[in-house]
Amino acid sequence: MLREFKSGKGGDACGGLRQRRWVHPFFSLLKLNTINQALEYKKVINFNQYKALTFDCYGTLIDWENGILGVLKPLLLAHNTDLDDDQILDLFAEFEAEVEKGEYLRYREVLKRVVQKFGERFGFEPTVDELNSLAKSIQYWLPFPDTVEALRALSQKFKLVIISNVDDDLFAFSAKHLEVEFDQIITAEQAKSYKPSLNNFRLAIGRIDLPLEQILHVAASVYHDIVTAKSLGLSTVWVNRRAEQKVSSTIGSATSQPDLEVPDLKTLAALSSPK
């Protein structure tokens, strides 16, 4: 779902929409407390300076946690291993990061090795089907409830770009669920590296071909996205979908602080809408 971006008059990414103060129907459905909730996160940025929004996909647009748990929880139970959701997700993150730090492998192979590491940790040998189960399940992972409408609204004002730690063919499944066209799609397979590598972002910046100050990166992962994007001079939005659970962030120095924190994409879309 890759489209060629065509700017409006004078290269304005919004074309004539900004002059007519056009408002996407999605915004009329937003309750006032949604915007008020976003304002509580302070640091409302000037969205008019941006022409492109770059997005992480899994965890930001696609509900990867439920996708992973839907596979690993029954797999582990079948091998007499009963872990709670947070334990499974923490181990997944540990194993995935360990595999991705080595020589580049396609994400299908990364996921296979993650399952193998679960087996090694808990003393069982996964079957061939089990080893392939995570990669096969990605085609069924669904967007968060607010994702599609928010992307549709945002696409009226910005170029939309994906920067994702995934294979091209696996993202193609997710693109169908997202239901919008993206101006650029940058995958780990194309970069031959995984975020938080600078390489993935540099590849994206080169393809977008806009000044850094006109690009805003949107992501749920501080480790994979926010820190690296900030180090390159990009503005960032942290989509903290666990904010209500009071989950502590791993944000460290002031240079790694996101420019804006929102609880979901619906809030981001509301804040970026014409006033």
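Accessible areas come from the Shrake-Rupley method with a 1.4 Å probe, and for residues only the protein chains shown count as cover.

**Figure 1. Overview of the predicted model.** The structure shown is a predicted model. The accessible surface of the protein comes to about 13100 Å², and 51% of that surface belongs to carbon and sulfur atoms. Of the 275 residues of the protein, 52% count as buried. The protein has 13 helices and six strands. Among contacts between residues at least 6 apart in sequence, 68% join residues at least 24 apart.

**Figure 2. Strand 1 and its two neighbouring strands.** Strand 1 covers residues 52-55. Four bridges join strand 1 to strand 2 (residues 159-164), and the two run parallel. In this pairing, L53 has L160 of strand 2 as its bridge partner. Strand 1 is also joined to strand 4 by four bridges, again in parallel. Here F55 is partnered with V218 of strand 4. Both faces of strand 1 are covered: A52 and T54 are buried on one side, and L53 and F55 are buried on the other.

Figure 3. Strand 4 consists of residues 215-219, and five of its five residues are buried. I215, H217 and A219 lie on one side, L216 and V218 on the other, and both faces are covered. Besides its four bridges to strand 1, strand 4 has four bridges to strand 5 (residues 235-239), with which it runs parallel. A219 has W238 of strand 5 as its bridge partner.

**Figure 4. F55 and the nonpolar cores.** The largest nonpolar core has 60 residues. Which of them touch the most other members? They are F55, F118 and F171. Leaving aside residues up to four places away in sequence, F55 touches L61, L151, L154, L160, V161, I162, I163, H217, V218 and L265. Another core, of 13 residues, lies apart from the largest one. Its members include A52, V161, A204 and I215.

**Figure 5. Helix 6 and the helices around it.** Helix 6 is formed by the 16 residues 107-122. At 1.5 Å a residue the helix should span 22 Å, and its end C-alpha atoms are 23 Å apart, which agrees. The buried residues of helix 6 are Y107, V110, L111, V114, V115, Q116, K117, F118 and G119. These buried residues pack against helix 4 (64-78), helix 5 (85-100), helix 7 (128-137) and helix 9 (168-178). One of them, F118, is also among the residues that touch the most other members of the largest nonpolar core. After helix 6 comes G123, with a positive phi near 75°.

Figure 6. Helix 13 runs over residues 265-272. Seven of its eight residues are buried, so the helix is largely enclosed by the rest of the structure. The buried residues are L265, T267, L268, A269, A270, L271 and S272. L265 is also touched by F55. At the start of helix 13, a side-chain oxygen of D264 comes to within 3.4 Å of the backbone nitrogen of K266.

**Figure 7. N240 in the loop between strand 5 and strand 6.** The loop that holds N240 lies between strand 5 and strand 6 (260-262). Is N240 buried or exposed? With a relative accessibility of 9%, N240 counts as buried, because buried means under 20% relative accessible area. The side chains of N240 and E261 are joined by a polar contact of 3.1 Å. Not counting residues up to four places away in sequence, N240 touches E261, V262 and P263.

**Figure 8. V227 in helix 12.** V227 is part of helix 12, which spans residues 222-231. The relative accessibility of V227 is 34%, so V227 counts as partly exposed. V227 touches V222 and S256, with residues up to four places away in sequence not counted. V227 and P258 are 31 residues apart along the chain, and their C-alpha atoms are separated by 8.3 Å.

Note on methods. Residues are numbered from 1 along each chain as its sequence is written. This is a predicted model: local features need pLDDT of at least 70, side-chain atom pairs count only at pLDDT 80 or more; totals for chains, interfaces and linings use all residues. Side-chain values use heavy atoms; hydrogens and water are left out. Buried means under 20% relative accessible area, exposed over 50%, partly exposed in between (1.4 Å probe, protein chains only). A polar contact is a pair of N or O atoms within 3.5 Å; within protein, one must be able to donate a hydrogen and the other to accept it, and residues adjacent in sequence count only if both atoms are side-chain atoms. The expected span of a helix is 1.5 Å times one less than its number of residues. Contact means heavy atoms within 4.5 Å. A nonpolar core is a set of buried Ala, Val, Leu, Ile, Met, Phe, Trp, Tyr and Cys residues joined through side-chain atoms within 4.5 Å. Two strands pair if DSSP finds at least two bridges between them.
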